[in-house]
Amino acid sequence: MLADLEPFFTHIRALFPDTRGHGLSTKFERPADYTYDRKLEDLVRWLEALGIERAVWGGASMGAALSLWAAVHAPDRVRGVVSISGPPYEPSPSDKAWWAVHRPLVGAGRFEEYFDANVRLRMGEDALTRLKARPERYAEATGRLRDHSVASLLALLDETYSRGDWLADCARIRCPVQVIAGSVDNFPTVAMSRRVAETIPGARLHVVADGPHFPNRTHRAEVQRVISLFFDELGL
């Protein structure tokens, strides 16, 4: 998300935390340690340590869903949410089946093969080809997985693919929310993102034509325009 927010750095304070199990944050070896509840506890304590009472939360995919979760369960900490492809849904049967097939790759320590398969699933073969054409970027992305043990990466992914549906909880959100969806994303689909926006009182939805699961990467200027309008409405 750093590149997505770069045009706004002159008038916002942007913070980019690594949630547990990601980046430089602590790794755990039990799925129960990777739930949204645990991640939210970390981030609330982090904000408290920084002396920040309320913030605009946002992200793509898991980060977006976690931001929505925060708006439900810690509303006093959330001024607004930018949710890019954030699914408050149970993984689809096809995604669960995909994980069952590919889980042995992680169990065998074949993290790069798992990474490639996941990029194909979420972004398509062309996106993987473009990424591999930049060896330094590919090495950086796959290298982050190598910060995990086999047990900790399995725990992180097992938790991801065992989540339940919590769309109905989104009706409790009372802060401004901008939902952004890619039109060719398969999870969440446009219809699923539309239901999220319809469930949250006053939320707005923007669909990126031909956008994949991470439209902020493929259609960055368009997504930045949507974020800019949302920030303007928040008075940022």
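In what sense do strand 2 and strand 3 pair, and over how many bridges? Select both strands: they pair in the parallel sense over four bridges. Two strands count as paired if DSSP finds at least two bridges between them. Helices (H or I, at least four residues) and strands (E, at least two) are DSSP runs, numbered from the N terminus.

This is a predicted model, in which local features need pLDDT of at least 70 and side-chain atom pairs count only at pLDDT 80 or more, while totals for chains, interfaces and linings use all residues. Residues are numbered from 1 along each chain as its sequence is written, and side-chain values use heavy atoms, with hydrogens and water left out.

**The sheet**

Stay with the pair and pick serine 83; its bridge partner in strand 3 is valine 179. Now select the whole sheet. Four strands form it, in the order 1-2-3-4, as an open sheet with parallel pairing. Strand 1 and strand 4 are the edge strands, each pairing on one side only. Direction ignored, neighbouring strands of this sheet are turned by 15° against each other on average.

Move to strand 3 and strand 4 (residues 204–208), which pair in the parallel sense over five bridges. Here glycine 182 stands opposite valine 208 in strand 4. Trace the chain from strand 3 through helix 9 to strand 4: this β-α-β crossover is right-handed. Right-handed here means that, with the strands pointing away from the viewer, the path from the first strand over the helix to the second runs clockwise.

Next, show helix 3. Helix 3 lies across strand 1, strand 2 and strand 3, and runs at about 145° to strand 1. Axes are lines fitted to C-alpha atoms, for helices over the stretch in contact, and angles run from 0 to 180 degrees between N-to-C directions. Contact means heavy atoms within 4.5 Å.

Select serine 61, in the loop between strand 1 (55–60) and helix 3 (62–73). Serine 61 has a positive phi of about 60° although it is not a glycine. With 17% relative accessibility, serine 61 counts as buried. Buried means under 20% relative accessible area, exposed over 50%, and partly exposed in between (1.4 Å probe, protein chains only).

Go on to serine 85, in the loop between strand 2 (78–84) and helix 4 (93–107). Serine 85 also has a positive phi of about 60° without being a glycine, and is buried at a relative accessible area of 1%.

Then find proline 188, in the loop between strand 3 (177–182) and helix 9 (190–199).

**A helix pair**

Select helix 5 (residues 111–123) and helix 7 (residues 135–145), which pack at an angle of about 115° with their axes 9 Å apart. Show side chains for Phe111, Glu112, Phe115 and Asp116 in helix 5; they meet Tyr138, Ala141, Thr142 and Leu145 in helix 7. By class, this contact has five nonpolar, one polar and two charged residues. Ala, Val, Leu, Ile, Met, Phe, Trp, Tyr, Cys and Pro count as nonpolar, Asp, Glu, Lys and Arg as charged, and the others, Gly among them, as polar.

**Last stop**

Finish at alanine 14, in the loop between helix 1 (2–5) and helix 2 (36–50). Alanine 14 counts as partly exposed, at 24% relative accessibility. From alanine 14 to alanine 55 is 41 residues in sequence and 9.7 Å in space, C-alpha to C-alpha.
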